[in-house]
Amino acid sequence: MLLAAVALLSACGPRDKKPMETPKDLLVHRLFGYAENGQIAYGHQDDLFYGHAWKVEDWESDALERSDVKDVTGKYPVLLGCDLGGIELGAEENLDGVPFGLMRKAALKHVERGGIVTFSWHPRNPLTGGDAWDISSGEVVKSVLRGGEKEQEFRLWLSRAADFMESLGDVAVIFRPWHENLGSWFWWGGELCTAQEYQELYRQTWLYFTKERGLTNILWCYSPNGDVRPEEYMSRYPGDEFIDIMGVDTYEYVGNSSLEEAGAHYQGELRRILTFLTAVSYEHNKLMCLSETGLEGLPDPAWWTGILDPVISNFSISYVLTWRNAHDKPGHFYAAWKGFDHEEDMKAFSELDNILFLD
Ligand code: BMA
């Protein structure tokens with residue numbers, strides 16, 4: 001399947017359609033190149049801001065060289081994941097305590113090192129004042145759409161996020177707002193709004209950034225949660241005009257099952273959703289990625305080489321990103337760190353031919 005997909009992509013990838021000129025074109029080309037070559041870039045959320053039991057203290061003077069991933073593998077991840085949650089309020093720091101000044105500095109530094117930056121966004125609930133996980137009202141999405149009671153305030157929220165993106169200059173970045181939209185844990189989730197309202201929300205965001213603010217350096221990613229029937233994936237797709245990358249967020253959960261069962265279940269689900277994504281991204285001529293994944297606390301000593309790689313290496317995903325290593329919650333990490341019992345397996349993963357880190 002990989003070879004067939006690669007041949008088809010080579011034959012008709014978007015890079016053949018227009019000359020490579022803008023930073024966005026170059027990034028699209030680079031990501032398609034990974035897929036064509038059977039390579040997968042590795043990414044880690046919040047990699048340069050903090051890690052297991054450490055954080056950047058004085059960001060203005062810090063050289064931003066520390067990274068749990070680098071401590072373990074000797075290399076930085078290709079993708080640095082960042083989250084804009086909190087920017088909508090004009091806050092100085094995001095919801096996980098990362099100063100936006102640090103985020104901007106790290107993003108630019110990471111690109112200078114040859115990396116790619118991707119942004120998620122967990123904005124507060126504009127109607128209730130709660131956080132992104134406040135699902136107490138099913139009217140929130142409607143309230144920010146055209147004619148809604150929060151439309152104007154929401155425009156201000158969008159403008160603050162757009163200001164941040166604009167401050168990155170012409171660096172091309174990936175943005176994946178309104179993620180995990182098929183589950184119902186965020187105010188924009190499946191049972192919290194209609195498909196049409198969700199699509200309007202995404203398009204309104206895109207229109208504001210692209211048409212009103214003229215930000216053309218953004219690759220827009222659609223990243224539903226993957227624990228759904230594949231047919232559901234497209235049910236809230238905003239449309240080809242608005243999307244560059246089709247992604248999916250899906251995690252391994254152990255719960256009460258054995259590691260073996262949990263691993264097998266995750267692999268089965270991942271295979272199923274990536275098989276679907278391969279077909280649909282080819283059909284729509286889009287990039288694909290595993291926008292978020294991981295196993296919290298990495299209890300499986302061979303998760304990277306025994307569980308993750310055997311599945312993803314069969315698919316032309318351009319990148320895979322594992323979630324953050326919290327500095328203040330000892331068990332909340334998704335990449336190995338120096339001194340962690342199972343760090344060798346992540347190092348082995350970083351040395352696989354098809355997996356890319358920043359050398
Ligand atoms: C979640 C957890 C939270 C965090 C949020 C946004 O998955 O990591 O602790 O606040 O993502 O980064």
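Because the model is predicted, local features need pLDDT of at least 70 and side-chain atom pairs count only at pLDDT 80 or more, whereas totals for chains, interfaces and linings use all residues. Residues are numbered from 1 along each chain as its sequence is written, and side-chain values use heavy atoms, with hydrogens and water left out.

The largest pocket has a volume of about 760 Å³. On a 1 Å grid over the protein atoms alone, a pocket is an open set of points where a 1.4 Å probe fits, with protein on both sides within 12 Å along at least five of seven lines, and lining residues have an atom within 4 Å of a point; the volume is the space filled by probe spheres set on the points, which are joined across faces, edges and corners. The lining comprises 33 residues, and those nearest the centre of the pocket are Glu180, Tyr251, Tyr253, Glu292 and Tyr334. By class, the lining holds 13 nonpolar residues, nine polar and 11 charged, where Ala, Val, Leu, Ile, Met, Phe, Trp, Tyr, Cys and Pro count as nonpolar, Asp, Glu, Lys and Arg as charged, and the others, Gly among them, as polar. Helix H9 (residues 259–283) gives the largest share of this lining, four residues; helices (H or I, at least four residues) and strands (E, at least two) are DSSP runs, numbered from the N terminus.

Glu292, one of the residues nearest the centre of the pocket, also takes part in a salt bridge with Arg176, in which the closest N and O atoms are 2.6 Å apart. This pair links distant parts of the chain, Arg176 in the loop between E7 and H7 and Glu292 in strand E10 (residues 287–293), 116 residues apart. A salt bridge here is a side-chain nitrogen of Lys or Arg within 4 Å of a carboxyl oxygen of Asp or Glu. Arg176 and Glu292 are both buried, as is Asp249, buried being under 20% relative accessible area, exposed over 50%, and partly exposed in between (1.4 Å probe, protein chains only).

In the whole structure, 17 salt bridges are found. One of them joins Asp244 and Lys24, with 3.0 Å between the closest N and O atoms; because Asp244 lies in the loop between helix H8 (230–233) and strand E9 (245–249) and Lys24 in helix H2 (residues 23–36), the pair ties together parts that are 220 residues apart in sequence. Both of these residues, Asp244 and Lys24, are buried. Elsewhere, Asp163, Glu166 and Arg213 are linked in a network of salt bridges.

The loop between E7 and H7 also holds Trp178, which has a positive phi of about 55° although it is not a glycine, and Trp178 is buried, with a relative accessible area of 1%. Asp46, in the loop between strand E1 (40–45) and strand E2 (50–51), likewise has a positive phi, near 60°.

Trp133 belongs to the loop between strand E6 (116–120) and helix H5 (140–144) and counts as partly exposed because its relative accessibility is 40%.
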